[in-house]
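Open your viewer and get ready to select a few residues.

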Amino acid sequence: MKTIHIFFTVLTGTFLTTLLACNKKEQDFLYEDNMLAVNVKGYNGSDETLSVKLDTFQVTEASPGKFDATKGCVIPVNKPALHLSITEIGSGKTVMSKELKKEDSPATIEFFYFNGQVSKMPEIPALEDDKIKISYMFTPTVTKYAEPVDIVLGKYYFTPKVFEEITRIKNVKPNEFSAPVSVSTFPTTGQVYNGQPTAVLFLVYIYKAGTNEFYTEGSGYTWHATSTTAPKPAASTASSKVYIFEETPVNNSMRFSKKLEL
């Protein structure tokens with residue numbers, strides 16, 4: 001299943017050129033200075049296109065993937081509020097229903113929709129010099145693994161072909177965001193292990209919680225030492241990332257692919 005991810009933030013200076021009456025039939029009515037400004041920004045990873053409306057006024061139709069729409073409306077003098085609705089067009093399922101008043105403008109609403117669940121978007125950690133900060137959501141769509149895992153960040157030394165743990169995010173539940181973790185940046189060339197020069201890879205392994213055993217043990221899928229890794233940024237550059245990733249095995253060898261990177 002894909003991911004939905006909707007973030008409402010407000011860009012205050014952009015609404016002046018997009019303000020419209022929300023219902024054209026009411027354009028002849030007298031209006032107060034009742035402006036309602038909404039910015040809809042996010043990520044829709046479901047199989048459905050989302051319809052976002054204020055009353056009958058279409059804000060946007062968001063197909064799967066990232067989207068960004070800014071709209072402004074006038075609240076008619078005879079109406080106390082406008083009704084914000086987000087629905088799946090194909091299924092008709094209501095994802096969000098909310099009344100917005102003049103006092104709510106500019107509206108700021110956080111919205112994350114995944115596996116039929118509504119939640120808040122994870123906070124992206126602040127960028128810091130010489131640090132890599134990462135948060136994960138792991139979606140085991142193939143193995144259906146349901147137990148917590150440890151997501152382990154480390155260095156793989158080609159000589160003597162060994163993985164060295166740097167740190168781990170413990171007890172990460174599938175389909176939930178982990179706490180962020182921070183590691184120092186490092187070069188992948190010019191490294192030495194036990195006195196021998198070696199190249200290094202930045203890899204992210206997934207173990208059964210509290211162990212050094214791959215979560216794939218017993219599943220029929222194997223773990224490749226260098227090709228099976230959760231998504232990660234470059235090792236030598238400071239970054240702050242949130243990843244959602246899923247299983248995409250190649251034959252019986254486990255692989256992962258990004259569904260979302262923030």
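Select Thr228 and Met254. The side chain of Thr228 reaches the backbone oxygen of Met254 at 2.7 Å. Keep in mind that this is a predicted model.

Is Thr228 buried or exposed? Thr228 counts as buried because its relative accessibility is 0%, and the cut-off for buried is under 20%.

Next, show the surroundings. Leaving out residues up to four places away in sequence, Thr228 touches Val204, Tyr205, Trp223, Ser253, Met254, Arg255 and Phe256.

**Second stop: a sheet**

Switch to a cartoon view. Strands of a sheet pair through backbone hydrogen bonds, either parallel or antiparallel.

Select β5, β4, β7 and β8. These four strands form an open sheet, in the order β5-β4-β7-β8, with antiparallel pairing. Which strands are at the edges? They are β5 (57-62) and β8 (94-100), and each pairs on one side only. From one strand to the next, the twist averages 10°.

Now zoom in on β4 (residues 50-54) and β7 (residues 82-88). How many bridges join this pair? The two strands pair in the antiparallel sense over five bridges.

Finish by selecting Lys53. Opposite Lys53 stands Ser85, in β7.

Key: Residues numbered from 1 in each chain as written. Predicted model: local features only at pLDDT ≥ 70, side-chain atom pairs only at ≥ 80, totals over all residues. Heavy atoms only, no water. Buried < 20%, exposed > 50% of the residue type's maximum accessible area, 1.4 Å probe, protein only. Polar contact = N/O pair within 3.5 Å; in protein donor to acceptor, adjacent residues only side chain to side chain. Contact = heavy atoms within 4.5 Å. Pairing = 2+ DSSP bridges. Axes fitted to C-alpha atoms, helices over the stretch in contact; angles between N-to-C directions.
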